[in-house]
Amino acid sequence: MRAIVLVGGFGTRLRPLTNVTPKQMLPVVHVPMIERVVSWLGRHGVDEVVLSLGYRPDAFLDRYPDDECAGVRMRYAVEPDPLDTAGAIGFAAAQAGMDSTFVVVNGDVLTDLDLDALVAFHRTCGAETTISLTQVDDPSRYGVVPIAADGRVEAFVEKPPVGEAPTDWINGGTYVCEPGLLNRIPDGRPASIEREVFPDMVDAGVLYAQRSPAYWVDAGTPATYLQAQLDLIEGRRGNAEDGIAPDADVDPSAEVDHSVIMSRASIAAGAVVRDSVVLPGAVVMPNARVEGSILGPGSVVGQGASVGGLSVLGNGIEVPAGAAVDAARLPDGD
Ligand code: GDD
Ligand code: MG
């Protein structure tokens, strides 16, 4: 089985971290997001991944020079201009010559979904495409998908207004597809699978979906990028992972609680880091406090300063000694 992994978005909601690093190259407890996605696909029998790239392809090409990721063969389809989700699938499928059942995944979704069960259900239904659904508290941020008893999709509503979603089961961003899907994707212009192609398929009665209770998170916002990592160190997905990198430097008098401290980061004497993620090489100076926040690579929290309220510091940002940063993105704007 082959899979197309969509990684060509701008990662706007994770700015400023994504100003430098594409979303799916950001580390999730020491491992790039993309490696976790590809490793999950590999465990379910996917033997080749087509990375559908647009924004900053070099970050991927440089990191995986041997065209292999997590033990899975990888090839690249680089769009000259962003084609949006359907256009990207069409472009990647054409480059790879997809001619049998294939999988498509959103590259920012971390899940323990049983992909084999989804493929089996897809075959039973004789669907042209089968979507995996997951249940969430706030469906308005996602594609909302009501289904009939046999799994046929009744409607596909992308990001409905708050309170207007017909169900809280949403598009989990994993699709099993027949090549016939490709005939529905317009050639040579951007097109959205969620807003254009899936609604067409609903009308044609060829789109099916299966609900899954498996662990699922779209790590594409500061809150979920943080949560995805705390879930791993809490052991919500099997054995708890160690949040503190072996080469991180944590002073014995610092208090690090429920946090991820990545490679070469340093936490100085008397500092407190709680419910937070500290990316590689970031520095928390003596007696500083970091709570519920994300410190970008090489950023510095000055002596006695505090950072909290889901703040996100971009690469190399310095918070002056004694300053208080709350619910901020630095630098802000684009
Ligand atoms: N190659 C390419 N080209 N990839 C793209 C493009 C593009 O033009 N635009 C977006 N992508 C990639 C992103 O990098 C991401 O991995 C994936 O497509 C989905 O885009 P997001 O921007 O993360 O979408 P979303 O999270 O708002 O919504 C999507 O995912 C939800 C589940 O996580 C939709 O598919 C929703 O229906 C779904 O519920
Ligand atoms: Mg997303």
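Strand β4 (residues 48-53) runs parallel to strand β6 (residues 72-78), and six bridges join the two. The model is a predicted one. Cys 69 has Val 72 as its bridge partner in β6.

Ala 70 is located in the loop that joins β5 to β6. Its phi is positive, about 50°, although Ala 70 is not a glycine. As background, most residues other than glycine have a negative phi, and most peptide bonds are trans.

Arg 15 and Pro 16 are joined by a cis peptide bond with omega of about 5°. Pro 16 belongs to the loop between β1 (2-6) and α1 (17-20). Another cis peptide bond joins Leu 330 to Pro 331, with omega of about -5°. Pro 331 falls in the segment after β29.

Inside the order, β20 (residues 277-278) is paired in the parallel sense with β23 (residues 294-295) over two bridges. Opposite Val 278 in this pair is Leu 295 of β23.

A further open sheet, again of five strands and with parallel pairing, has the order β15-β18-β21-β24-β27. Its edge strands are β15 (249-250) and β27 (318-319), and each of them has a single partner strand, so one side of each is left open in the sheet, without a neighbour. β15 and strand β18 (residues 266-267) make a parallel pair over two bridges. In that pair Val 250 faces Ile 267 of β18.

Ser 263 sits in the loop between β17 and β18. Apart from neighbours within four places in sequence, Ser 263 is in contact with Ala 245, Asp 247, Pro 280 and Gly 281. Ala 245 is 18 residues away along the chain, and its C-alpha atom is separated from that of Ser 263 by 5.2 Å. With Asp 247, the side chain of Ser 263 makes a polar contact of 2.8 Å.

Side chains also link β19 and β16. The model has 15 salt bridges in total. One of them pairs Arg 274 with Glu 255, with the closest N and O atoms 2.6 Å apart. Arg 274 lies in strand β19 (residues 272-274) and Glu 255 in strand β16 (residues 255-257), so placed that the pair links distant parts of the chain, 19 residues apart.

How is the chain divided into domains? Domain 1 covers residues 2-219 and domain 2 covers residues 249-330. The C-alpha centres of the two domains are 33 Å apart. Ten residues of domain 1 and 14 residues of domain 2 take part in the contact.

The size of an interface is often given as the accessible area lost when the parts come together. Between domain 1 and domain 2 about 820 Å² is buried, and 72% of this is on carbon and sulfur atoms. On the side of domain 1 that touches domain 2, six residues are nonpolar, two are polar and two are charged. The number of salt bridges between domain 1 and domain 2 is zero. Polar contact between domain 1 and domain 2 amounts to two residue pairs, both at pLDDT 80 or more.

Notes: Residues are numbered from 1 along each chain as its sequence is written. Chains are lettered from A and ligands numbered from 1 in the order in which they are written. This is a predicted model: local features need pLDDT of at least 70, side-chain atom pairs count only at pLDDT 80 or more; totals for chains, interfaces and linings use all residues. Side-chain values use heavy atoms; hydrogens and water are left out. Domain bounds come from an automatic or database domain assignment. Contact means heavy atoms within 4.5 Å. Buried area is the accessible area (1.4 Å probe) that two parts lose on being put together, summed over both. A salt bridge is a side-chain nitrogen of Lys or Arg within 4 Å of a carboxyl oxygen of Asp or Glu. A polar contact is a pair of N or O atoms within 3.5 Å; within protein, one must be able to donate a hydrogen and the other to accept it, and residues adjacent in sequence count only if both atoms are side-chain atoms. Ala, Val, Leu, Ile, Met, Phe, Trp, Tyr, Cys and Pro count as nonpolar, Asp, Glu, Lys and Arg as charged, and the others, Gly among them, as polar. Two strands pair if DSSP finds at least two bridges between them. Helices (H or I, at least four residues) and strands (E, at least two) are DSSP runs, numbered from the N terminus.
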